[in-house]
Amino acid sequence: MKELMEEKAAGWFTKGYNCCQSILLAARETYALEMNPDFLIEIGRFFREGMASGCTCGALVGAEMALGLVNKEQGLNLPPETAGALHDRFIKAFGSSCCRVLRKKQGVIGKMTKQGCKKITAGTAGLLYELIEEIRSSN
């Protein structure tokens, strides 16, 4: 299932949605969230490329939003520290939560083709899935 969520996020990204939108849409499909996809697209619209300033990666922002949506709709009752755990996993996996830093590591071709961002988006979807499933299995 983790790989399927990663593929869904990468697929949405390939269709032209930004990293945040792609995570939200993949989470909606994976967890059967009762959220209108148009609503998710709109709330994620301005979280691309570090909120267009190079700050926090939109994939991480989308994953944090999706975590809250899954928590509410599936009654997981997650503690607030869960957001920090997701952030820490993101840092461990990618080295930074700053879009500007992540994009510098991608090189010219990676930036132009957005393949680096696609990989981060897919990887972040996987991190989100792992965290949710770990919490589910411990309850």
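## Helix α3 and its cover

The buried residues of α3 are covered by elements including α2 (19–30) and α5 (58–74), where helices are DSSP runs of H or I with at least four residues, numbered from the N terminus. This is a predicted model, in which local features need pLDDT of at least 70 and side-chain atom pairs count only at pLDDT 80 or more, while totals for chains, interfaces and linings use all residues. Residues are numbered from 1 along each chain as its sequence is written, and side-chain values use heavy atoms, with hydrogens and water left out.

Helix α3 spans residues 37–44, with Leu-40, Ile-41 and Gly-44 buried (under 20% relative accessible area, 1.4 Å probe, protein chains only). These buried residues line one face of the helix, because they fall within an arc of 100 degrees seen down the axis of α3; the arc is that of the directions from the helix axis to the C-beta atoms. At the start of α3, the backbone nitrogen of Asp-38 has a side-chain oxygen of Asn-36 within 2.6 Å.

## Gly-62 in α5

Helix α5 contains Gly-62, which counts as buried at 0% relative accessibility. Beyond its neighbours within four places in sequence, Gly-62 is in contact with Cys-20, Ile-23 and Leu-24 (heavy atoms within 4.5 Å). From C-alpha to C-alpha, Gly-62 and Leu-24 are 5.7 Å apart, although 38 residues separate them in sequence.

Technical notes. Buried means under 20% relative accessible area, exposed over 50%, partly exposed in between (1.4 Å probe, protein chains only). Helices (H or I, at least four residues) and strands (E, at least two) are DSSP runs, numbered from the N terminus. A polar contact is a pair of N or O atoms within 3.5 Å; within protein, one must be able to donate a hydrogen and the other to accept it, and residues adjacent in sequence count only if both atoms are side-chain atoms.
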